[in-house]
Amino acid sequence: MKVQDFDKFWVDKHRYDFAEKQYHEFFAMDAETTIYSPLVSEIAKAREHLQNSLEKIDEVDLNPGAKTELLTRILFLENDNKILKSTISELSHLYREVTTRLEVLEQKIKLSNGKETSNKDDQFDIFSSESDEEIAEKAWIREQRLAEYSAKKSRKPTILAKSSLILDVKPWDDETNLEVMEKEIRKIFLDGLLWGASKFVPVAFGIQKLSISCVVEDEKVSIDWLAEEIEKLEDFVQSVDVAAFNKI
């Protein structure tokens, strides 16, 4: 700092500020002892705040670069403000256009509904040459045809799932009468079960087994149930095996 600047620089300024603050606080306290007035303390606080703000402003020294940056930011904010105002104006204009279009559409819908009701009323022809009986007969014929069509459409061929089996039934020994055993097996009856051809097949040591075919409906006859029913013939049957199984 140059010597000639000391005349402009107040070295003891903070001391005088402090003394002034004490002076005002003294009078404020003196006033409170006589008549309580919160307004005096508020004035003192505001005055102190102003003094502190002025001191901070005095200490701030903007260089040319900082001033240029500050001006640039201000210009930038002003430009953004203009753009924002323009956008708001455009949106307001679009909102008014949409509102107008909706009102026009509502009017058109009301007019079209009015025309439909008038067309329905016009369909009734009071000058028609057909009698009530003829009109009723035509309506009955139309309903009959619709019913026949819907019944024909709903009628679908049901496909029954069937299986073809060949069962090998083994006797206890060579003394078992296979013909009697076959008759007893064929007595097993159930809806969906159809017995087929059979034959005697040699196994070993003079023992033969019965190979019998059958067709079953899968929903009505269970293969496990059929095997259990054959094994119940304990006097003849030792075991039952499924030799072949095919879906039909």
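In the predicted model, serine 163 is buried, its relative accessible area being 0%. This residue lies in strand 1, which spans residues 162-171. The side chain of serine 163 forms a polar contact of 3.5 Å with the side chain of lysine 247. When residues up to four places away in sequence are set aside, serine 163 touches Cys214, Val215, Val216 and Asp218, together with Phe245, Asn246, Lys247 and Ile248.

The largest nonpolar core comprises 19 residues, of which Val169, Ile185, Leu193, Trp195, Leu226 and Ile230 touch the most other members. Two or more residues of this core are given by each of strand 1, helix 5 (178-186), strand 2 (193-204), strand 3 (207-217), helix 6 (223-231) and strand 4 (237-247). The greatest contribution to this core is that of strand 3, with 4 residues. For valine 169, with neighbours within four places in sequence left aside, the residues in contact are Met181, Ile185, Lys209, Leu210, Ile230, Val237, Ser239 and Val240.

Leucine 70 is located in helix 3, which covers residues 64-122. The relative accessibility of leucine 70 is 44%, and this residue therefore counts as partly exposed, a class that lies between the buried limit of under 20% and the exposed limit of over 50%. Serine 163, by contrast, is buried at 0%.

Definitions and conventions. Residues numbered from 1 in each chain as written. Predicted model: local features only at pLDDT ≥ 70, side-chain atom pairs only at ≥ 80, totals over all residues. Heavy atoms only, no water. Buried < 20%, exposed > 50% of the residue type's maximum accessible area, 1.4 Å probe, protein only. Polar contact = N/O pair within 3.5 Å; in protein donor to acceptor, adjacent residues only side chain to side chain. Contact = heavy atoms within 4.5 Å. Core = buried A, V, L, I, M, F, W, Y, C linked by side-chain atoms within 4.5 Å.
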